[in-house]
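Keep the structure open while reading.

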Amino acid sequence: MNAVVISAAPTSLSKFTRPDAQRAWPRRRLFDRMDRARERRVIWVCGSAGSGKTTFVSSYIGVRKLTSLWYQSDPGDADVAGFFHYFSMAATRALSPATVSLPQFFPAQVSGVDAFARMFLRDLCAGLAALDVIVIDNHQDAAETLDGIIRIAASELPVGCNLIVLSRLPLPASLAGLRITRDMAVIEQPELDLDLDETRSLSLHLGSNVTPELIERWHVTTRGWVAGLVLLSETSSAAGAEAGVGDLKALLTDYFSTEIFSHLHPEERDTLLCTAFLPSVSAEDVVKLTGIENSGGLLERLCQRNYFTTKHDHSYQLHPLFRAFLLDEAQKRFDNDAIRSLRLRAAQLSLQSQGVDPAVELLTEAQAWKELIPLFLEHAPLLVAQGRLATLDRWLSSVPLELREKQPWLFFWSGVCRLPYDPAQARAAFEDALCRFDRSGDRIGFAAAWSKVMETTVQISQDLAYFDQPLSLIDSILAEERLRDLPPILRHDLLMNTFIALFMRSPDHPRLPELEQRVRQSLLSSSSPDAQIACCFHLNVYYGWSGMFQKVRALTDTLRTLMRGNALQPLTMQMTEVKAAMTHWLVDAEFDSGLRVMTEALRRSEETGVHVWDGHLIGHAVAAAISKGDLDTADSLLERMRALPNSRRIDAALCLGLAAWHAKACGDIGLARERITRALETCCALGLPYGIGLCNAGYAILMGHEDPGYESHIEQALAHAQQQQSTVIEYVALLAQIRKFLDLGRDPEAVTLITRLFAIGRENGVWNCYFWDGSLMSRVCVKALEAGIEVDYAISLIRRRALVPLDPGSAPAIWPWPLAIHTFGGFKVLCNGEVLTFEKKSPAKPLALLQTLIALGGVEVSERRLIDELWPEAEADSALRALDTTLSRLRKLLGDPGMLRLSNKRLSLNPASVWVDAVAFGRLLDRIAIASPASSRAICEQALALYRGPFLDDEDGPVIIAARERFARAAARAAEVLARGEAGVAGEARLWPAIER
């Protein structure tokens, strides 16, 4: 996860500062109510403007001496990225920066805001040990964004820390469930209203010197509205006491005008009018804004007199009602030019002390497009880096169309804003920018827009033929003089996106090798780990599609180095996981570890809210499961893949191809044909040459040469393999052809193709492939070993994939069995080619069990027969326990319990993993009875090659001695008959079963 420590915000930002409530009247009734409410995690305080919500909560925090994080929402928080950006700044101010490491929101997380919010709050809670309350004021200004975050906070906040939400809105239906689960307390308008005793106390606190009777009339008139009581107290007007509440709110305007404004010196009036243009302002900024010395003291005096002004640390904020009055008054007193000038000066001050957001709002109100457009373009990269795309998009959309037409960069940044949400709409914006940059001669802008057109086309992945027209300009785009003019980051993006477009759409393009080298250089020269990993990812896709697996493995080491010690964006992390997934199942044939990696990656997707590559992650998991032979897991993963909300053709093609492979593995040839056909059609509609070639090869290997379309698909697959120089496609196509020749008994042609297949495998370290078929590869390996083709590679492939010959009796002598047991001419056990040795004395009884089992044929030997041979004198129960113990020791000795199978009280050697020379000898003799004379001679030769001496000549025991004599007679007769020639072999063939018995 990309964790960033947010630097402290300017101290003048009232957005992060709790209002000063030292002189506020303490509302003890509400304080007691808040004490009870704090038994719940979330506290909702809702009331109208002027009901005293903010003052009440701020004074409560002060009186109770609570540590707090105060956050004042505004309309800019409607952009969820903006909220998290500024809330991180607030958290850093409230807590020790050394303890706060919060995740940054990135555009790729837009589809998983809830997941990000949960992760953000968990990281925040890790630093909340010393924090009592979090306050979000003015919730109503960004309600849609905040409601979901509040719901998550109810389950994530630690015990002892409360979230207090101040809003003018009642509790929304989406949060009502929190009251039912007792996670939220609600303090509503009636509780905020003053009762009669509070009206008396507050009147005294405000310094009103009126009769009790008048106070009672004020209470009736105001109905407990705090702002109304302040108004009447200030005016001390008996006439006002007779007004209705609706009129009272209207009277606020008169009060502001007559009781505050009219009593001020003209310079002070101007000061207030100017101040109203800023949402909050420091005393120093007031002087800069007005040009009047000592004008900042006016706000302090208003604050001291409770004149609808609050203090936040070093800045002041006018009550919304008071500010609205002043802005309305400014419209009356100043002409348009003066107001525009004020807004421009206020915007400049805001940029220096409060950031760009308030400044943009002021300039927008002033319609100051000449100042705004450069400001947008200057800050666009920063807002994109912060993930605040919705904010930037709103700013750009505010520019009148006639002005936007003259600024291609506005179209470009508009496309960037839309890219994570709507790639098609983003591409349209980039195309507009491209045309305008072309007309204006802006080479940098043209290259930037061209690169983004490439990127969005990849993201949409609906019709890659769209690349064809832009790629026709590639020589101009990649001209050295043009590349030299580009900033490094833009040059990197341009090279990367062009490289991706070429290997996806035109893998035979003559400039592709050059671009591969440029991207590799960019990988080495970039200072951004995220950019370097993106290079690794796309290079690995290219190498994986091409079959250059050794380069994939080399980049894996580079990737591990880049990930070590670097905080990465969630999308970048997911790209590394996709790359690791492909490497595990396709390149290294490590299926269990690959499935674990992919399971963890998908869990992290849920945690971070980044789901861009979920389809490919699940697809690689499906491929790993099928390759492993775990068809149930593959089936459930395919269902999950189909359920993903993604309509991209490239994802649909991947899902269909994997489903076809799975159907064939399950024996449903009809379903496999339907799905591989649809996968091929989808790749053709997409215009993806690699997919077209691989699907043609997949059709051929899944359907076989009996299918009417076999020859056409093989031909197309091989053409694509040659055109794209893809050994991945060629490998699958060769396997399909080899199967055909093996089925038809055309061994010489099969051997020729196996030679090419295994040369590819050895050179690139191929241990798996799409549409892998273990039984077919076993047949291929048998032929390879018999013909001496790439023997080391064949043996490595057999061991890595645990291949078993379909007919163990006819397997070549050098077949690398997991367990090979030699009994002729001495006893020797080999585990994975290594002789089994013992540090101390040999475990006599387990080895005796193994030898006896072999002497009795090695298959379906009853427990009773074994006990009779090994424990003839023991009692039945004791003998059975001895057998169980000895069998357990033998299994442990051999290292794999599956090598010995016990079923229905009968013990067998597993023919899939255990080879015994004596068993192979017996199977060869059985075949002679049905073999032709020529074949019989060859079988005799194979049998005699196995017989290297007497059976277990160092052992004794009746069953072993009997087997030794039987094998000796059989070997002697084989040698005698073989010496007579083919006629003798044919004539004596019927005797072999009798000899064996």
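Predicted model: local features only at pLDDT ≥ 70, side-chain atom pairs only at ≥ 80, totals over all residues.

Which residue in β16 is the bridge partner of Leu 902? The partner is Leu 907.

Three strands make up an open sheet, arranged in the order β14-β16-β15, with antiparallel pairing. The edge positions belong to β14 (861–862) and β15 (900–903), and each of these has a single partner strand, so one side of each lacks a neighbour in the sheet. Helix α45 (residues 876–894) packs on this sheet and touches β15 and β16. The direction of α45 makes about 150 degrees with that of β15.

Four bridges join β15 to strand β16 (residues 906–909) in the antiparallel sense. Besides the pair of Leu 902 and Leu 907, Arg 901 stands opposite Ser 908 in β16. The two strands form a hairpin with two residues between them, and in this hairpin Asn 904 takes a positive phi near 55 degrees.

## The sheet of β8, β9 and β10

Another open sheet has three strands in the order β8-β10-β9, and its pairing is antiparallel. Here β8 (281–282) and β9 (309–312) are at the edges; each has a single partner strand, so one side of each is left with no neighbour in the sheet.

Two bridges hold the antiparallel pairing of β8 with strand β10 (residues 315–318). Within this part of the sheet, Val 281 stands opposite Tyr 316 in β10.

## Helices α18 and α21

How close do the axes of helix α18 (residues 369–385) and helix α21 (residues 408–418) come, and at what angle do they cross? They come within 11 Å and cross at roughly 25 degrees. Angles under 35 degrees count as roughly parallel, which makes α18 roughly parallel to α21. The crossing in which α18 passes α21 is left-handed.

On the α18 side, the contact is made by Ile 373, Leu 377, Ala 380, Pro 381 and Val 384. On the α21 side, Trp 409, Leu 410, Trp 413 and Val 416 take part. Sorted by class, this contact has nine nonpolar residues, with no polar and no charged ones.

## Helices α43 and α48

Helix α43 (residues 844–855) packs against helix α48 (residues 958–979) at an angle of about 45 degrees, and their axes are 9 Å apart. That angle makes α43 oblique to α48. The crossing of these two helices is left-handed.

Gln 851, Thr 852 and Ala 855 of α43 meet Val 959, Ile 960, Ala 963 and Arg 966 of α48 in the contact. By class, the contact has four nonpolar, two polar and one charged residues.

## Helices α40 and α42

Helix α40 (residues 747–764) and helix α42 (residues 791–801) have axes that come within 10 Å and cross at roughly 75 degrees. Angles of 65 to 115 degrees count as roughly perpendicular, so α40 is roughly perpendicular to α42.

From α40, Phe 758, Gly 761 and Arg 762 make the contact, and from α42, Tyr 793, Ala 794 and Leu 797. The classes in this contact are four nonpolar, one polar and one charged.

Side chains of opposite charge can pair when their charged atoms come close. In this model the count of salt bridges comes to 49. One of them joins the side chains of Lys 15 and Asp 77, with 3.0 Å from N to O.

Where do the two residues of this pair lie in the chain? Lys 15 is in the loop between β1 (3–4) and α1 (28–37), and Asp 77 is in the loop between β3 (68–72) and α3 (80–94). The two residues are 62 residues apart, and the pair links distant parts of the chain.

Key:
Residues numbered from 1 in each chain as written. Heavy atoms only, no water. Axes fitted to C-alpha atoms, helices over the stretch in contact; angles between N-to-C directions. Parallel < 35°, antiparallel > 145°, perpendicular 65-115°, else oblique. Left-handed = near helix turned anticlockwise from the far one by under 90°. Contact = heavy atoms within 4.5 Å. Nonpolar A, V, L, I, M, F, W, Y, C, P; charged D, E, K, R; others polar. Pairing = 2+ DSSP bridges. Salt bridge = Lys/Arg side-chain N within 4 Å of Asp/Glu carboxyl O.
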